[in-house]
Amino acid sequence: QGGFETPVLPVSPGFEYRPTGSAWTFTNDAGISRNASPFTNANPAAPEGNQVLFLQEADATATQALTFGPGKFRLILAVAQRGSNNNGGQTLEVSVDGRVLGRFTPLDSNFLDVATTTIEVAAGSHSVQIKGINPLGGDNTALVDYLRLEEITSPSPWSSPSTWVGGVVPSPGNPVTIPANASVLLDTATTVADIVVAGILAVDRQNISLTADSVMVTGRKAH
């Protein structure tokens, strides 16, 4: 998880195809680049650390065995197109244990977080792979950084007093904050004052109204 900080590359040339000494295994035209190398000199700095993964053309892969589970998980990663020398753009495919969980075509050279669909796994070692599939052909490269593994837990019902600090369900006029480590399921029609969502606010699959003076959504886990 995290970034691609090992091995630490020299300033010149600032990139390396299929480097050794990393927890990742690279194939074909995959490798690691420092900030401001020929691969990254037209991109912002790496979101995490000083180095990023690059996947150039088709079948460039980075694979790592991670130990996690049991439970439901998804992967979040920061992706960008190479800011120079691309010919239409690269598309990435993310898989766990051979099951494809998402395909992403970064919009431009700015890093943006994307999230895969969820997968339920048993406890143990699981193969995580990021692959360039390059459907347009030609010389296209995508950059990847700041990989995170997120466990998806069942949200707590809004209507349950045990969900809330103090054991009281918010009433009309109350401000509400859902902290970063909390997941709440809106399962009943609700009227409150202001809502700050730093964690997860999910909505039950039925017609439910939420009335609030304002809703502020912050944090990487809010959706």
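Me: Strands here are DSSP runs of E at least two residues long, numbered from the N terminus. With that settled, in which segment does P7 lie?

Reply: This is a predicted model, and the strand to look for is β1, residues 15–17. The peptide bond leading from T6 into P7 is cis, with omega near -5°. As for its place in the chain, P7 sits in the segment before β1.

Me: And what is omega for the peptide bond that joins S12 and P13?

Reply: P13 is also found in the segment before β1. The bond joining S12 and P13 is cis. Its omega is about 5°.

Me: How many bridges join β5 to β11?

Reply: β5 covers residues 60–68 and β11 covers residues 124–132, and the two run antiparallel. Among the facing pairs, A62 has I130 as its bridge partner, while F68 stands opposite G124. The number of bridges joining β5 to β11 is nine.

Me: Which residue in β11 does S95 stand opposite?

Reply: Strand β7 (residues 92–96) runs antiparallel to β11, and five bridges join them. In β11, the residue opposite S95 is Q129.

Me: Is V96 buried or exposed?

Reply: V96 lies in strand β7. Leaving out residues up to four places away in sequence, V96 touches F68, L75, L101, I119, H126, S127 and V128. The cut-off for buried is under 20% relative accessible area. V96 comes in at 2%, so it counts as buried.

Me: How far apart in space are V96 and V121, C-alpha to C-alpha?

Reply: In sequence, V96 and V121 are 25 residues apart. In space, C-alpha to C-alpha, the separation is 9.5 Å.

Me: What is the relative accessible area of D97?

Reply: D97 has a positive phi, near 55°, and is a residue other than glycine. It is placed in the loop between β7 and β8 (99–104). D97 counts as partly exposed, because its relative accessible area is 44%.

Me: Where does Y146 lie?

Reply: Phi of Y146 is near 55°, again a positive value in a residue other than glycine. Y146 is partly exposed, because its relative accessible area is 24%. As for its location, Y146 belongs to strand β12 (residues 141–152).

Me: Which strand gives the most to the lining of the second largest pocket?

Reply: β14 (176–178) and β15 (183–186) each supply at least two residues of this lining. The lining residues divide into nine nonpolar, four polar and no charged. With three residues, the strand that gives the most is β14.

How values were computed
Residues numbered from 1 in each chain as written. Predicted model: local features only at pLDDT ≥ 70, side-chain atom pairs only at ≥ 80, totals over all residues. Heavy atoms only, no water. Pairing = 2+ DSSP bridges. Helix = DSSP H or I, 4+ residues; strand = E, 2+ residues; numbered from the N terminus. Buried < 20%, exposed > 50% of the residue type's maximum accessible area, 1.4 Å probe, protein only. Contact = heavy atoms within 4.5 Å. Nonpolar A, V, L, I, M, F, W, Y, C, P; charged D, E, K, R; others polar.
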